[in-house]
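Here's a quick walk through some salt bridges and packing. Have the 3D view open as you read.

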Amino acid sequence: MKELITVNNVSFQYPSEDDLTLTELSLSVYKGEWLAIVGHNGSGKSTLAKLLNGLLLPTSGEVKVEDYTTANEKELWEIRRRVGIVFQNPDNQFVGTSVRDDVAFGLENFGVPRDEMIERIQTSIARVNMQDFIESEPHHLSGGQKQRVAIAGIIAQKPSIIILDEATSMLDPMGRKEVIDTVKQLNEEEGITVISITHDLEEAVRADRVIVMKQGAILTTGSPREVFQNEALLLDAGLDLPFSLKLGLALRDYGVSLKEQHLTQEELVDALWTLKSAD
Amino acid sequence: MLDNVIIGQYIPGTSVLHKMDPRAKLLGIFVFIFVVFLANNWLTYGILGVFAVAAILLSQVSLRYMYKGLKPIFFIVIFTFVLHILMTKQGEVVYDLGWLKIYNGGVKQGVFISLRLVYLVLVTSLLTLTTTPIDITDGLEYLLAPFKKIKLPVHEFALMMSISLRFIPTLLQETEKIMKAQMARGAEFTAGPIKERVKAFVPLLVPLFISSFKRAEDLALAMEARGYRGGEGRTRLRVLHWRFRDTGALLLLVILAAVLVVLRTHG
Amino acid sequence: MDIKISGLTHRYKAGTPFERLALHDVSLSIPSGTFLAVIGHTGSGKSTLIQHLNGLLKPSEGTIKVGDLTIAAGGKKKQLKALRKRVGIVFQYPEHQLFDETVEKDVMFGPMNFGQSEEAARAAAHEMIKLVGLPVEVLQKSPFDLSGGQMRRVAIAGVLAMEPDVLILDEPTAGLDPRGRKEIMDLFRTLHDQRNMTTILVTHSMEDAAYYADRILVMEKGSTYLEGTPAEIFAKREELQAVGLDVPETVQFLLRWQGKTGKPAEMSSFTIEDTAKAISADFGKGGSTC
C-alpha cells in the first residue's frame with residue numbers, strides 16, 4: 001500500500017506549556033484506508049491533526065505528505081490542498097454567506113479558474129447531497145448539513161485525505177449518521193483516505209485501523225479486532241469500551257465461557273449461539 | 001421599534017433595480033446625493049419627487065412598506081421643518097402670533113429641507129432593499145480596487161464585511177441563548193434603574209465576547225486550513241456584470257442633474 | 001413539586017408570515033419526584049416544551065401548573081420569577097453562560113438574584129462545588145482558566161446552588177467524552193434521589209433514558225407521541241423506529257438473541273449487567289433450563 005503521510009519522530013510543544021504535547025511520535029497513513037485515532041481529552045490527538053496539514057509545525061521531527069514536507073513553507077499550500085480538515089464546531093468553519101459561497105472559498109484561495117470552479121462546486125455539493133440547499137444561508141442549516149457543506153468544500157479541492165477532527169461530536173445522532181455515511185461513501189467509492197479523530201468507539205470499531213493515543217504518544221495500533229482485544233489497555237488510555245465488548249465481559253462474569261472479544265452485536269450473538277448449540 | 005427601520009433590510013425580488021449591477025447602484029446613490037443639493041425651487045424639487053417615486057415603482061417594493069419605513073424619521077423631518085420656520089426670517093409674514101412671526105420664506109425652506117431628507121432616505125433605502133449585503137460588499141470591493149495601489153487593504157476590508165454579515169444571525173442566536181440561560185438564573189434585563197440595567201448586561205456581554213473570540217480563533221484556523229493566504233492569487237466565484245441598463249441608469253442621473261442645473265433658480 | 005401541563009400550544013412568531021407551530025395541544029402530568037426523560041428529534045418540540053416550564057417562553061394557549069403556580073397565556077411577570085426560582089435549567093453547553101471573575105461569584109449569581117443573602121449564597125457555592133466533584137480551591141480561580149469539563153461542572157453547580165425543586169437538563173452531556181458523560185449522569189441521578197427533586201432530562205441517548213429515567217416522554221412534531229415507563233416505551237420498537245428513533249443497545253441485543261432462541265426475554269432492566277444475567281440464564285451454568 002502506498003504511504004501518503006509519514007510522521008517521523010515528531011515532538012510538539014505549545015509555547016505556553018511546560019510539557020511536550022506530543023513526544024517522539026511516528027506513524028504512517030496509507031492510501032485509501034480509514035484510520036481512527038482515539039484517545040482521552042488531552043492525549044494530543046487534535047494537535048496531531050493540526051500537524052498533518054501544517055497548521056502547526058513540529059518542534060522536532062518531520063511531517064511528510066506525499067512528497068511534500070510541512071517544514072517548507074512553499075510546499076504547505078500543496079499539502080493543505082491535499083489534506084482537508086473538518087473541525088468540531090459546524091458554525092465556526094462556515095466562511096461563506098451561502099452554501100455555494102462557502103464551497104467556493106477554498107477553490108478561490110487555490111486560484112481555480114471560475115468556470116472550473118462552478119463545475120466543481122456543482123459536483124461536490126451533489127456528492128454530499130446538499131444540492132437543494134445551494135443558495136441556503138448557514139443559519140438555516142442543521143449541524144449535520146453544515147458539516148456536509150464543509151466536506152463538499154474539501155472534496156471540491158480534490159484532496160487525497162480528509163481528517164475528521166471530532167467532526168461529529170457536536171451533532172445529534174441523525175447528523176452524526178449523515179456525516180459518517182457521507183465520508184464512508186467517499187472513502188469506498190473514490191478511495192479518499194480518512195483519518196477520523198473521535199471519542200466514538202462504535203465508529204472506531206468500523207475503521208480499517210485504529211491508533212490509541214495517551215499523553216502525547218501512541219499506546220497501540222492495529223486493526224480494531226487486535227486493538228479492542230486488549231480491554232485493560234483501553235481502560236488505561238481512559239477510554240470506554242464499545243457496547244459488545246462490555247457485554248462480552250459481563251457475560252464472562254456470569255459464567256458464559258466466551259473465548260474472545262467480539263466487536264459487533266452480530267458477532268457476539270453468533271458466538272453465543274454457537275456456544276449454546278454446543279452446550 | 002427596530003422592526004420599522006428599513007434601511008439595511010433586503011427584500012428579494014426580480015425588478016430592474018434588483019437586477020442592476022451593485023456598482024451602478026452605489027455610483028448612482030453617490031451621484032444622487034449631489035443631485036439632491038442642486039434643487040432649490042418648487043419645480044426642481046417636484047422633478048426629484050417624480051424621480052424618487054418612479055424609482056420606488058420600478059423596484060416593486062410596496063409604497064406602503066416604504067411609508068412605514070419613513071415613519072421613524074418623521075420626527076427628524078418635523079423637527080427640521082419647525083426649526084426652519086422659527087429660524088428663517090425671509091419673505092412676507094404669513095402668520096403673526098405677536099411673539100412669533102412665521103415668514104413664507106421659512107415655510108418654503110422648511111418644506112425643501114424636509115423633502116431633501118425624505119428623498120435621500122427613500123433612495124438610499126432602495127439600495128439596501130434591492131441589493132443583498134454581500135452584493136453591496138462585492139460592489140464596494142470592485143469600486144475601491146484602484147485604492148489597492150496606495151496599499152489600502154481593500155480585499156481584507158471586503159472579506160471582513162462579508163464575514164461580519166455571515167455571523168450576524170449566528171451572534172443573534174447566541175445572544176438569545178445566553179440571555180435565556182441567565183434569565184433562568186434569575187437575571188433581569190429590563191427592570192430597575194439605568195445603572196442596574198447596565199450592570200445586568202455584564203452576564204450577557206462577557207460570555208458573548210468570549211464565544212466571539214473563540215469563534216474568531218476557530219474561523220482563522222479553518223480559513224488557513226482551506227488555503228487562505230490573503231487576496232493575492234485568489235480567483236473569485238462572484239463576478240459582477242455591467243450591462244447596458246447600468247450605463248443607461250447612470251446616464252439618466254446625469255441628464256437629471258443637467259435638467260436641474262438648467263431649471264434651478266440662479267442667483 | 002407536581003407539574004401539570006394542559007392543552008399547551010406554542011406558536012413562534014405568531015401573527016407574522018414566519019409563524020410556526022412548535023407545540024400542539026400537549027397535556028402531561030409529572031408527579032413530584034419523577035425522573036422524566038424527554039426524547040425526540042431536533043425540532044420535535046422538546047426544547048420549546050422545557051422552556052415553558054420556567055417561563056422563558058409563554059404559552060400561546062393552555063396552562064402550565066408547577067406546584068401552586070399557574071402560568072397561562074398572557075401571564076404576569078412576577079409569577080415568572082417565582083417560577084424560575086423553583087425550576088432550574090441546565091442548558092446545552094452550560095459552560096457558555098459563565099461570566100464572573102471567580103468561580104465562587106459565578107455560582108453565587110443565581111442564588112443572589114433570587115434574594116439569598118451573600119453568606120447563604122457563598123455557603124451554597126461551597127457545597128455545590130464539592131457536590132459536582134471539584135476541589136474547593138477552584139472557587140477562587142477564574143472560570144476561564146479551567147478545562148472544558150470543569151467549566152461544565154461549575155455551570156451545573158451554578159444552577160444547583162439555586163436549590164430548585166425541579167431540575168431540567170437539556171442534553172447536559174453533549175460534547176463530553178464517555179467517561180465524563182457517565183460521571184455527570186450519575187451525579188444527576190444521585191442528586192435526584194438524595195434531594196427528592198423532580199428531574200426532567202432532554203436527551204438523544206436512548207441508553208441514558210433507559211438507565212436513568214423512571215418515565216419517558218417521546219415527542220414528535222410538537223405533540224406527545226408516547227409516554228410511559230422505560231419498559232413500556234422500549235417494548236414498542238416499531239413505533240419508535242417509525243419516527244426515526246430506536247431502542248437502547250441492550251434491548252437491541254436481547255431482541256437479536258430472542259431471534260435465535262425463539263423465546264421472548266424479559267425486558268424490565270436495561271443495564272449491561274442485567275442483560276448479561278438474563279442471557280446467562282439461557283446457559284447451563286447460568287442455572288435455569290437447557
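Which residue forms a salt bridge with Arg237(C)? The partner is Asp246(C), with the closest N and O atoms 2.9 Å apart. Keep in mind that this is a predicted model. Arg237(C) counts as partly exposed, because its relative accessibility of 27% falls between the 20% and 50% cut-offs.

Over all chains the count comes to 43 salt bridges. Here are three of them:

| Asp246(C) | Arg237(C) | 2.9 Å |

The Asp91(A) pair crosses between chains, running from the loop between β6 and α3 of chain A to helix α7 of chain B. Both Asp91(A) and Arg166(B) are buried.

The Asp106(C) pair joins two chains too, since Asp106(C) lies in helix α3 of chain C and Arg185(B) in the loop between α7 and α8 of chain B. Asp106(C) is buried at 1% relative accessible area, and Arg185(B) is buried at 2%.

Now for chain B itself. The domain assignment gives domain 1 (16–131 + 241–266) and domain 2 (145–226), and their C-alpha centres lie 36 Å apart. Helix α2 (residues 22–36) reaches 21 Å from its first C-alpha to its last. Its buried residues, including Leu26(B), Ile29(B) and Phe32(B), pack against α1, α3, α5, α6 and α10 of chain B.

Ile76(B) sits in helix α4 and is partly exposed, with a relative accessible area of 44%.

How values were computed: Residues numbered from 1 in each chain as written. Chains lettered and ligands numbered in written order. Predicted model: local features only at pLDDT ≥ 70, side-chain atom pairs only at ≥ 80, totals over all residues. Heavy atoms only, no water. Domains from an automatic or database assignment. Helix = DSSP H or I, 4+ residues; strand = E, 2+ residues; numbered from the N terminus. Buried < 20%, exposed > 50% of the residue type's maximum accessible area, 1.4 Å probe, protein only. Expected span 1.5 Å × (residues − 1). Contact = heavy atoms within 4.5 Å. Salt bridge = Lys/Arg side-chain N within 4 Å of Asp/Glu carboxyl O.
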